[in-house]
Amino acid sequence: MSRSSNVVVIGGGVIGCAVAYYVARRGLKVTLVDRPKRGRATSASAGGLWPLGESVGLGCGVIFYKALAGMGTLPEGVHGPGQLPRVFLDFALRSNGMFPALAEDLREISGMEIEWERTSLLFLMYDEGDVAFAKPLWERCPCGRDLTEWMTPEELAKAEPAVTREVHGALRFHGDDQVNPYRLADSFRAAARNLGAAILTHTEVTGLRVESGRMTAVETQAGPIPCGMVVNAAGAWAPEVGRMVGLDIPVRPVRGQILGTETLPEMLSACLTTTDCYLAQKGHGEVIIGSTTEEVGFDVGTTPAAMKTLAAGAIRALPFLRDVRVKRVWSGLRPGSPDELPILGPVEGLDGYLNACGHFRTGILNAPLTGLLIAELASGERPSVPVEPFLLARFASAGDGRQVVTIG
Ligand SMILES: Cc1cc2nc3c(=O)[nH]c(=O)nc-3n(C[C@H](O)[C@H](O)[C@H](O)COP(=O)(O)OP(=O)(O)OC[C@H]3O[C@@H](n4cnc5c(N)ncnc54)[C@H](O)[C@@H]3O)c2cc1C
């Protein structure tokens, strides 16, 4: 098979699909190649769009961070989220701001609803320890007080009657929204196809061809695809693709276990985080309860211990869940990067290659802006946001020996 293509996108998770969509919108010829691997992250996600909560350090990862921080130090090799830099917040806020118009565009082009919902994120504080933990994070938050709200227990009870009364209050992040992550990816893919993209499903990329420092083709199980531009959007498998051209990409799988309840009447207007778990009720009524942050390689199993901990945390936040049935449990592999920022853009000495990987816990949130940025770079347009903070080269210059970029 030989399908000449301007741009080949490797990986059909939310990032690859977003890239294919924005590239196709520019009228470029694009082929998306995906071999669905067990544990791919997009189909495991909760769909939280939490730029503020994640930036402040009170989003998904707070659960284990607080437990580990309480032990004094984070043991070596154990990942714990902290406050993310301003550059992350700016990127994430901008990406989140794209969703309302995107939902309309995708509805029109793909005919699908992504179930984008304007809501907010509430960090529940159960005791003085939680208050002492959250307050300095909140005070250092660069997002400004108008986007956050410190709520008394009475205010919380009024806003969210289903939440436990055993709280010292809550911190609300206004504008932290949610979406249906599967529908988002499916809709990007369908829209890209309707705009002319070729989608090769169940097709593994097995090699990359480089001639005189320039990408010339992607080798797949179905044959080579000649191209001038390659986008590595292979999620937790991005290092494998990088190695095909001699790159050392510091992405690792970080497992998240998660569970979902049976369909319930509307109980929550906001999403919740606590030091035990986070909870998000989706449009169809299921309450998603996430999630662990585990360094177990490519193991995509689920464990009774994690389910028990998550379920206990969920019941503590929402006591009515005690009598509710669990419908499904699953896990996925986040594409973790050392500094929690995505790895985006070109690599020196390798013309026609772009990274779009390492999105860790925020790939759903950051998919729209990543897709747009990569499409702009692929088509030679001036990028609408600076790519420099996200380049792979930042690890080579980190000076701490974490990762060194080598181009073979
Ligand atoms: C439990 C859990 C909850 C999460 N919750 C949220 C959340 O609430 N909000 C949020 O923003 N993010 C969340 N995330 C993170 C988010 O899901 C990821 O950041 C995002 O899905 C990454 O998308 P991706 O396209 O890079 O990777 P993936 O979705 O993993 O896609 C990569 C694709 O590339 C394919 N591939 C790999 N190698 C090859 C090859 N050689 N050839 C062809 N195809 C290949 C894979 O099979 C896969 O289909 C969560 C993640 C987990 C695990």
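A residue is termed buried when its relative accessible area is under 20% and exposed when that value is over 50%. The model examined here is predicted.

Helix α10 comprises the 14 residues 304–317. At 1.5 Å a residue the helix should span 20 Å, and its end C-alpha atoms are 20 Å apart, in agreement with that expectation. Within α10, the buried residues are A306, M307, L310, G313, A314 and A317. Viewed down the helix axis, the buried residues of α10 fall within an arc of 135 degrees and therefore line one face of the helix. The face turned away from this buried side carries the exposed residues P304, A305 and K308. The packing partners of the buried residues of α10 are strands β4 (120–125), β12 (252–261), β13 (271–273), β14, β15 (287–290) and β16 (326–336).

One of these strands, β14, spans residues 278–281 and contains Q281. With a relative accessible area of 6%, Q281 falls under the 20% limit and so is buried. The side chain of Q281 reaches the backbone oxygen of P265 at 3.0 Å, and a polar atom of that side chain lies 3.3 Å from the backbone oxygen of L264. Leaving aside residues up to four places away in sequence, Q281 touches E117, Q178, L264, P265, E266, M267, L268, E286 and V287.

E286, one of the residues touched by Q281, also forms a salt bridge with K327, in which the closest N and O atoms are 3.9 Å apart. K327 lies in strand β16 and E286 in the loop between β14 and β15, so the pair ties together parts that are 41 residues apart in sequence. E286 is buried, with a relative accessible area of 1%, whereas K327 is partly exposed at 46%.

The structure holds 21 salt bridges in total. Among them is the pair E262 and R325, with the closest N and O atoms 3.4 Å apart. Because E262 lies in the loop between β12 and β13 and R325 in the loop between α10 and β16, this pair ties together parts 63 residues apart in sequence. R325 counts as exposed, at 60% relative accessibility.

A further salt bridge joins the side chains of E340 and R361 (3.5 Å, N to O). E340 is in the loop between β16 and β17 (343–346) and R361 in the loop between β18 (353–357) and α11 (367–378), so parts 21 residues apart in sequence are tied together. E340 counts as buried at 7% relative accessibility, and R361 counts as buried at 13%. Elsewhere, salt bridges that share partners join R35, K37 and E204 into one network.

Definitions and conventions: Residues are numbered from 1 along each chain as its sequence is written. This is a predicted model: local features need pLDDT of at least 70, side-chain atom pairs count only at pLDDT 80 or more; totals for chains, interfaces and linings use all residues. Side-chain values use heavy atoms; hydrogens and water are left out. Helices (H or I, at least four residues) and strands (E, at least two) are DSSP runs, numbered from the N terminus. Buried means under 20% relative accessible area, exposed over 50%, partly exposed in between (1.4 Å probe, protein chains only). A polar contact is a pair of N or O atoms within 3.5 Å; within protein, one must be able to donate a hydrogen and the other to accept it, and residues adjacent in sequence count only if both atoms are side-chain atoms. Contact means heavy atoms within 4.5 Å. The expected span of a helix is 1.5 Å times one less than its number of residues. The arc is that of the directions from the helix axis to the C-beta atoms. A salt bridge is a side-chain nitrogen of Lys or Arg within 4 Å of a carboxyl oxygen of Asp or Glu.
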